[in-house]
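This report looks at pairs of oppositely charged side chains. Please have the sequence and the 3D view ready.

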Amino acid sequence: MRFDIMTLFPEFVERVLGESIIGRAQKSGSIEVNTYNIRDYSKDKHRRVDDTPYGGGKGMLMMAPPIYDCYADILAKSKEDAHRRVVYMSPRGKVFNQDKAKELATLDQLIILCGHYEGVDARVIEEIVDEEISIGDFVLTGGELPACIVTDAVARLVDGVLSAPECYENESISSGLVEYPQYTRPFEFHGKSVPEVLISGHHANIEKWRAEAALSETARLRPDLLEQ
């Protein structure tokens with residue numbers, strides 16, 4: 001799967017997505033992540049990409065032409081028949097969740113636009129964006145962090161990124177519940193021991209304990225999931 005991220009801060013995005021599992025997935029070829037500096041598509045000699053909004057108001061607004069030209073360049077470098085979607089990271093959008101991650105993971109290509117300042121000229125959103133996505137009901141300084149979060153969540157569902165589907169199918173939220181508590185060595189820590197069932201070797205009892213623990217933890221931490 002291919003990810004193309006339009007941003008004013010490509011180095012930031014590259015640092016975040018170049019690490020850990022997502023970084024290794026890029027090196028192995030399981031996914032492809034490209035960043036594009038929107039300033040490179042400005043016709044202004046100072047590489048300006050923003051201006052004051054019509055109608056007044058504080059702050060600056062990202063202009064449509066550099067964003068559109070960046071988008072056009074991405075398309076020129078992409079497969080014509082690719083199953084793709086363009087998303088704009090925006091607090092106006094629907095809140096991102098695991099179901100949306102699964103939906104996006106079926107694409108061949110995901111193009112993400114990162115806004116900044118007071119946002120983006122509405123005309124370019126109408127022209128190129130398929131949907132707006134938010135990572136929560138709060139406002140950040142830009143769309144780079146949300147873009148990295150969406151890319152990470154989607155990429156780990158792509159074949160070859162994780163060692164097996166089981167790595168994500170039983171995780172918190174993916175299963176519909178939060179994950180059961182997990183433990184590793186040492187057996188005792190600060191007077192607390194690992195539940196005996198986990199060292200019993202009885203797989204049926206272990207699975208039963210994990211299922212009950214997941215329900216209990218969901219009721220305690222995320223009762224809204226049980227309501228759904």
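In this predicted model, the side chains of Lys-77 and Asp-73 meet in a salt bridge, with N and O 3.1 Å apart. Asp-73 is partly exposed, and its relative accessible area is 21%. Side chains of opposite charge can pair when their charged atoms come close. The count for the model comes to 15 salt bridges. The table lists some of them.

| Salt bridge | N to O distance |
|---|---|
| Lys-77 and Asp-73 | 3.1 Å |
| Arg-85 and Glu-131 | 2.8 Å |
| Lys-100 and Glu-103 | 3.3 Å |

Where in the chain do the partners Arg-85 and Glu-131 lie? Arg-85 and Glu-131 form a salt bridge whose closest N and O atoms are 2.8 Å apart. Arg-85 belongs to strand 5 (residues 84-95) and Glu-131 to strand 7 (residues 131-134), so this pair ties together parts that are 46 residues apart in sequence. Both residues, Arg-85 and Glu-131, are buried.

Glu-103 is partly exposed, with a relative accessible area of 33%. Through salt bridges that share partners, Arg-85, Lys-100, Glu-103 and Glu-131 are joined into one network.

How values were computed:
Residues numbered from 1 in each chain as written. Predicted model: local features only at pLDDT ≥ 70, side-chain atom pairs only at ≥ 80, totals over all residues. Heavy atoms only, no water. Salt bridge = Lys/Arg side-chain N within 4 Å of Asp/Glu carboxyl O. Buried < 20%, exposed > 50% of the residue type's maximum accessible area, 1.4 Å probe, protein only. Helix = DSSP H or I, 4+ residues; strand = E, 2+ residues; numbered from the N terminus.
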